[in-house]
Amino acid sequence: MKLDYVTIFGEYFTPLSLSLVGKAAESGIIEIGVHDLREWTTDLHRTVDDTPVGGGAGMVMKPEPWGLALDDLLADSEGRICLIIPTPSGVPFTQAEAVELSGYDRLIFACGRYEGIDARVHEYARTLVEVREISLGDYVLNGGEVAALAMTEAIVRLLPGVVGNPESLEEESHSGALESLLEYPVYTKPASWRGMDVPEVLLSGHHAKIAQWRREQAENITQQRRPDLLKKKN
Ligand code: 6GU
């Protein structure tokens with residue numbers, strides 16, 4: 001999978017060389033390109049923003065550099081491509097969305113700053129490629145970079161060969177065996193630590209009882225923290 005990031009803060013993407021995503025890049029499962037939007041400016045000051053037409057606070061990203069960036073990046077466009085625009089006004093990012101996006105050949109993240117990108121860029125992009133405006137949740141970040149990193153990690157770990165044991169993808173929150181329940185608590189050795197014991201059932205070797213205990217724990221935690229997920233199931 002090819003992953004491109006268009007940004008005015010390329011340094012945000014240095015962590016992509018770490019951990020599982022970094023290894024996926026080293027092994028050729030993914031290929032990463034970080035692109036400075038200012039490379040597509042044409043003025044001396046390399047301007048990327050301007051005041052909002054119609055008035056209001058803040059600055060808006062100018063359409064011209066984005067148009068040139070998209071033209072260049074999409075010039076060699078083979079396979080299934082999606083342009084992702086991280087924005088707090090996008091559709092919510094979910095595990096289902098991550099699974100879908102993991103099926104593309106190329107993802108291009110258009111990371112806006114300030115109050116966002118001129119809306120005509122979105123409209124123009126849709127004439128060239130599939131576009132998804134995606135939000136991480138109901139809070140405001142300063143720009144799309146951190147959101148693009150989070151989405152990248154969620155997507156890349158689903159690619160074959162990235163996570164060592166594919167079973168660990170199965171049983172975790174928001175996927176697989178426990179459907180939309182949150183994950184049950186986990187323990188390792190020692191059996192007793194600072195006066196706290198691992199729940200006895202986990203030491204019993206009784207697989208059916210262990211599975212039942214974990215299910216109950218998952219349901220209780222979900223009921224407490226995310227009752228909306230239980231409503232969705234029923
Ligand atoms: Cl995707 N972008 C920004 N700027 N803020 C956000 C977000 C995205 N998701 C939640 N807040």
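Predicted model: local features only at pLDDT ≥ 70, side-chain atom pairs only at ≥ 80, totals over all residues.
**View 1. The shell around the ligand.** Welcome to the ligand site, where the surrounding residues are Pro86, Thr87, Pro88, Ile134, Ser135, Leu136, Gly137, Tyr139, Val140, Leu141, Gly143 and Ala147. Look for the backbone here: an N or O backbone atom of tyrosine 139 sits 2.5 Å from a ligand nitrogen. Leucine 141 places a polar backbone atom 3.1 Å from a nitrogen atom of the ligand, and for glycine 143 the distance from a backbone N or O atom to a ligand nitrogen is 3.5 Å. On its own the ligand has 290 Å² of accessible area, and the protein covers 96% of this. Strand S5 (81-92) and S7 are the elements that supply two or more residues to the shell, with S5 giving the most, at three residues.

**View 2. Leucine 136 and its neighbours.** Now follow the chain to the loop between strand S7 (130-135) and helix H5 (145-156), where leucine 136 is found. Its contacts, leaving aside residues up to four places away in sequence, are Phe93, Ala147, Ala150 and Met151. Leucine 136 has a relative accessible area of 27%, so this residue is partly exposed. Serine 89 is 47 residues away along the chain, yet the C-alpha atoms of serine 89 and leucine 136 are 9.6 Å apart.

View 3. Phenylalanine 9 belongs to the loop between strand S1 (2-7) and helix H1 (19-26). Phenylalanine 9 counts as partly exposed because its relative accessibility is 36%.

How values were computed:
Residues numbered from 1 in each chain as written. Heavy atoms only, no water. Helix = DSSP H or I, 4+ residues; strand = E, 2+ residues; numbered from the N terminus. Buried < 20%, exposed > 50% of the residue type's maximum accessible area, 1.4 Å probe, protein only. Contact = heavy atoms within 4.5 Å. Near = heavy atom within 4 Å. Polar contact = N/O pair within 3.5 Å; in protein donor to acceptor, adjacent residues only side chain to side chain. Areas by Shrake-Rupley, 256 points an atom, 1.4 Å probe, with all protein chains shown as cover.
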